[in-house]
Amino acid sequence: MGESVACRLCGETLTRTFVDLGMSPPCESYLRADQIDSGETFYPLHVRICDNCLLVQLPAYVAADDVFSDYLYFSSYSTSWVEHARRFVVDMQERLDLGAGSLIVEAASNDGYLLQHAVALGIPVLGIEPAANIAEIANQKGIRTESYFLGEETGADAAARHGQAGLVVGNNVFAHVPDIVDFAKGLRALVKDDGLVSLEFPHLLRLIERRQYDTIYHEHYQYLTLKTAALALERAGLKVVDVQELASHGGSLRVMSTPVETAGEPTELVLTVEGHEGFAKDVFAIKADLVTFLVQAARAGKTVAGYGAPGKGNTLLNHCGIREDLLAYTVDRSPHKHGMFLPGTHIPINAEERLAETRPDYIVILPWNLREEIVHQLGYAREWGAKFVVPIPRLEVI
Ligand SMILES: [Zn+2]
């Protein structure tokens, strides 16, 4: 891929680099034991910014079909995220007066972590989840879920079969779609003229401010602000009517939009190219601090393990070149990942019990967005004197 890549939102040629993290394997491609002696494909993680519309974007180096058709991320394994979803559904039921005659559609509904709360309130639901293995689990739980990618065509087809919805939700999916305008048209097809579309996505301004460069990976095709999200929605006939800042995933935006037919004036947020500069320097400082810390710990004879096997950990570990010699293993709550290996770095993933068995001196927390929850949950590690290490936004030992 050369310098002639076109912006997926406005079509301008992309010439400016936002940050270049080198080569990395797709971050959700966890490996089985029988795969670690085979070759692995690495793709560039070179993020560009459009001079014209300011969309920060990663060219589609990896096709969405390769990433999302057999996904291991189960939303329900995060307690705080499920509670966040429950509060949202209860608020929306009140705000939009949803009941047995309504419909809530969620794009990228995962295992039904959100729609289960609507089902409990007696509101009919439809989940659209491209990963067939996860859609099946949702259906087993009684949450009606279909498996395909949402776009203008599939959205219109679903609306023809199930009717349009009063509420269409898309949480942590707007950054994950390679054709953001087609996806937005799918949302428009699914929502009633007087309905509401609610999208939550990580906020680029927080990513820059809090140096969350490990949230850059091949599955995240764009890094959005209110301005760029509003531009994409506008091209699908949706207008932003409400915005909230959320603490989830390190700082997210919840953007509500309605069809132009019923919407008022959208909110404006201006961000300049200059506002994006300096990020690449911050990213290198994080790498230098973390690698130095781990090398010093190894030289001092200390043992280090990881907590969590999130996608963001794989960007960080691959970018920093950290392997088993510096981080012996990691543990994860999701049993689906036990016995597997992190892509690229081949660090083994164990059950949490391994921590108590091996008593590491340091535990590196990879999902920093759940930092408080994890430090609390692993409080027992203090008994053998373990300390927690959080690498982002700056290295901290606690
Ligand atoms: Zn553009």
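Which residues touch the most other members of the largest nonpolar core? In this predicted model, they are F18, Y213, I216 and F279, and the core they belong to holds 58 residues. Helix 9, which covers residues 279-299, gives the largest share of this core, with seven residues. Take a look at F279 and its partners. Leaving out neighbours within four places in sequence, F279 is in contact with F18, V19, L207, I208, R211, Y213 and I216. So much for that core, but there is another one to find. A second, separate core has 42 residues, and among them are Y148, A159, L226 and L233.

Now let's turn to the metal. The zinc ion has four protein donors, the SG atoms of C7, C10, C50 and C53, and they lie 2.3 Å from it. Why is the arrangement called tetrahedral? The four donor atoms subtend angles of 100 to 118° around the zinc ion, and that makes the arrangement tetrahedral. For comparison, the ideal angle for four tetrahedral donors is 109.5 degrees. Along the sequence, the donor residues follow the spacing C-x2-C-x39-C-x2-C. Pick out C7 and C53, and you have a pair that links distant parts of the chain, 46 residues apart. C7 sits in the segment before strand 1 (16-24), whereas C53 sits in the loop between strand 2 (43-49) and strand 3 (56-57). Are these two cysteines buried or exposed? C7 has 5% relative accessibility, so it counts as buried. C53 also comes out at 5%, so it counts as buried too. The cut-off for buried is under 20%.

Next stop: helix 2, residues 79-96. Which of its residues are buried? They are W81, V82, H84, A85, F88, V89 and M92. If you look down the axis of helix 2, these buried residues fall within an arc of 155°, so they line one face of the helix. The face turned away from that buried side carries T79 and E94, which are exposed. And what do the buried residues pack against? Their partners are helix 3 (115-120), strand 7 (165-171), strand 8 (191-202), strand 10 (238-246) and strand 11 (252-259).

L96 has 27% relative accessibility, so it counts as partly exposed. Not counting residues up to four places away in sequence, L96 touches G166, L167 and L196. L96 and G166 are 70 residues apart in sequence, but their C-alpha atoms are 7.6 Å apart in space. After helix 2 comes D97, whose phi is positive, near 55°.

Most residues other than glycine have a negative phi, and most peptide bonds are trans. H346 is not a glycine, yet its phi is positive, about 60°. You'll find H346 in the loop between strand 13 (330-331) and strand 14 (349-350). R359 has a positive phi as well, near 45°, and it lies in the loop between helix 11 (353-358) and strand 15 (362-365). With 48% relative accessibility, R359 counts as partly exposed. Finally, a cis peptide bond joins I392 and P393, with omega at about 10°. P393 belongs to the loop between strand 16 (387-390) and strand 17 (396-397).

How values were computed: Residues numbered from 1 in each chain as written. Predicted model: local features only at pLDDT ≥ 70, side-chain atom pairs only at ≥ 80, totals over all residues. Heavy atoms only, no water. Donors = N, O, S within 2.8 Å, 3.2 Å for Na, K, Ca; no water. Tetrahedral: all angles 85-135°; square planar, octahedral: opposite > 155°, others 65-115°. Helix = DSSP H or I, 4+ residues; strand = E, 2+ residues; numbered from the N terminus. Buried < 20%, exposed > 50% of the residue type's maximum accessible area, 1.4 Å probe, protein only. Core = buried A, V, L, I, M, F, W, Y, C linked by side-chain atoms within 4.5 Å. Contact = heavy atoms within 4.5 Å. Arc of directions from axis to C-beta.
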